[in-house]
Amino acid sequence: MGRKAQIGIIVVVLLLVGGAVGAYAYDNSRKDQVADGITVGGIDIGGLNRAEATALLRRRLVEPLSKPLKVSFDGETYTLPGARLRIHANINGMVHRALAASGDGGLPGRIVRYVTGGSVEKQIKPEVTYSQPAINRFVREVASKIDRDPKDASVSPSGDSLNVVSGQEGRKVRDNALTTELNSAATSSTGARTVRAVVHSTKPEVSTGEVAAEYPAFVTLDRTNYSLRFWQNLNLVKTYTVAVGQQGLETPAGLYHIQDKQVNP
């Protein structure tokens, strides 16, 4: 082998060694930098160093999650203070995972990525915890204010009439659905912090159409006109003239239920 060939080989080797050393040094200089394309909970931290990524996640992820959660219904708003949520985010762990993902592909793969401007395209799930008991208590508090028992239809009698009082449907919060939505909102830094409560109707045991069957027989007493009226299925059947007793000793006005009946006593 001629001297020129030997020198050429040495030069090539030195260039390769120098390139490898340079590539290693450059790669080492970027070991604390997150690769492009890496996101945490939708927040792009690519190209940032450890301190910058930590600060960004604290500002964009943790601070929004510390805001109150709210539930709205029928013009009212109920609030769960952020302090009660006890939000905790493992920012150091998330940044560590991002830096670990930045090293994918080994040195050759990273060098190619540096040269070509490639990215890792890695989505890291946020490591965020909160107080589930606080959410559960809040749901119960909201339900206690929104829930309403149904009211049975009934009859409001007077001395000479029977007036039907319509039944009223109740309402009940879908507490499982509300808990699920609040759990989702508690860990979403970009979603709405206000959730709308969904309720379902609860039926009364006695509807307006069932009042007549509930009161098949009714007796009203008009003491002023000495009249007793007998109603059947809320329809007037017959009117009787009666005495109402000596003044001061008469039966007090009110609603009574017949406990005992005798034929021609």
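Hi everyone. When I say contact today, I mean heavy atoms within 4.5 Å. And please keep in mind that what you see here is a predicted model.

Let's begin with Leu69. Not counting residues up to four places away in sequence, Leu69 touches Tyr78, Thr79, Leu80, Leu85, Ile135, Phe138, Leu182, Ala185, Ala186 and Arg193.

Leu69 also belongs to the largest nonpolar core, which has 42 residues. Along with Ile38, Ile45, Leu57, Leu178 and Leu182, Leu69 is one of the residues there that touch the most other members. Which elements give two or more residues to this core? They are β1 (38-40), α2 (50-65), β3, β4, α4 (91-102), α6 and α7. There is a second, separate core too, with 7 residues, including Ala153, Val155, Val211 and Trp231.

Now let's follow α6. This helix has 15 residues, and from first C-alpha to last it reaches 21 Å, close to the 21 Å expected at 1.5 Å a residue. Its buried residues are Ala134, Ile135, Phe138, Val139, Val142, Ala143 and Ile146. Part of the cover over them comes from β3 (69-73), β4 (76-80), α3 (82-85), β10 (170-173), α7 (175-186) and β12 (199-202).

Last stop: Ser131, in the loop between β7 (128-129) and α6 (132-146). Is Ser131 buried or exposed? Its relative accessible area is 11%, so Ser131 counts as buried, the cut-off being under 20%. Setting aside neighbours within four places in sequence, Ser131 is in contact with Arg84, Leu85 and Arg86. And at the start of α6, a side-chain oxygen of Ser131 comes to within 3.2 Å of the backbone nitrogen of Ala134.

Notes:
Residues are numbered from 1 along each chain as its sequence is written. This is a predicted model: local features need pLDDT of at least 70, side-chain atom pairs count only at pLDDT 80 or more; totals for chains, interfaces and linings use all residues. Side-chain values use heavy atoms; hydrogens and water are left out. Helices (H or I, at least four residues) and strands (E, at least two) are DSSP runs, numbered from the N terminus. Buried means under 20% relative accessible area, exposed over 50%, partly exposed in between (1.4 Å probe, protein chains only). The expected span of a helix is 1.5 Å times one less than its number of residues. A polar contact is a pair of N or O atoms within 3.5 Å; within protein, one must be able to donate a hydrogen and the other to accept it, and residues adjacent in sequence count only if both atoms are side-chain atoms. A nonpolar core is a set of buried Ala, Val, Leu, Ile, Met, Phe, Trp, Tyr and Cys residues joined through side-chain atoms within 4.5 Å.
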